[in-house]
Amino acid sequence: MGLVVAVALLTWLIVSQVYSELPLVPWTAIPTVLLLAVGEGYTGWMTRARIARRPGTKPVEPLAVARLAALGKASAYGGAVFAGVFGGFVLHTATLLDRETPRSEFFVAGGSLLACVLLVCAALFLEHACRIPGDPDGDRPGPG
């Protein structure tokens, strides 16, 4: 959450200075990020089922689980950074809603922000799904 807020404020400061020179915010970020979120959410759901060895699923390779956990962590951080970027655009364009172009950018940036939040949630779910069952903290007990 702190990363989103920090990047949003930094983006807002930069965008408020150079907004007229920037290209339009692409609407294609919304479906792209939503597809990533759906993919990671589904992967987390399937991984959790495979780790729990539910009937009809194949066991999962430990290295694959480690890679999926790394993907989840990286996607959570990346999604948070981009959520902050789009949040900064939302903050800036919210004051310019009486003009047509900033108004449309407000809605595109807002939709992209929501898509990035969904990606972060899906990525955290994927990372959580990679934990060992019965281990609430995700940490193994050390030798002792």
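The model is predicted, so local features require pLDDT of at least 70 and side-chain atom pairs count only at pLDDT 80 or more, while totals for chains, interfaces and linings use all residues. Residues are numbered from 1 along each chain as its sequence is written, and side-chain values use heavy atoms, leaving out hydrogens and water.

**Nonpolar cores**

- The largest nonpolar core has 17 residues, of which V25, V33, F86, F89, A109 and C116 touch the most other members. A nonpolar core is a set of buried Ala, Val, Leu, Ile, Met, Phe, Trp, Tyr and Cys residues joined through side-chain atoms within 4.5 Å; buried means under 20% relative accessible area, exposed over 50% and partly exposed in between (1.4 Å probe, protein chains only).
- Two or more residues of this core come from each of α2, α3 (62–93) and α4 (100–129), and α4 gives the largest share, six residues. Helices are DSSP runs (H or I, at least four residues), numbered from the N terminus.
- Another core lies apart from this one; its six residues include I51, V65, L126 and C130.
- Not counting residues up to four places away in sequence, V33 touches A115, C116 and L119 (contact: heavy atoms within 4.5 Å).

**Largest pocket**

- The volume of the largest pocket is about 210 Å³. A pocket is an open set of points on a 1 Å grid over the protein atoms alone, where a 1.4 Å probe fits, with protein on both sides within 12 Å along at least five of seven lines; lining residues have an atom within 4 Å of a point. The volume is the space filled by probe spheres set on the points, which are joined across faces, edges and corners.
- The pocket is lined by 11 residues, and I51, V60, V65, C130 and I132 are the closest to its centre.

**Aromatic pairs**

- Two aromatic pairs are present. The ring centres of Y42 and W45 are 5.8 Å apart with planes at 50°, so this pair is tilted; rings of Phe, Tyr and Trp (its six-membered ring) pair if their centres lie within 6.5 Å, with planes under 30 degrees apart stacked, over 60 edge-to-face and the rest tilted.
- Y42 and W45 lie three residues apart in helix α2 (residues 29–51), about one turn of the helix.
- F106 and F107 form an edge-to-face pair, because their planes are at 75°, with ring centres 5.3 Å apart.

**Backbone at R53**

- R53, in the loop between α2 and α3, has a positive phi near 55°.
- R53 is exposed, with a relative accessible area of 66%.
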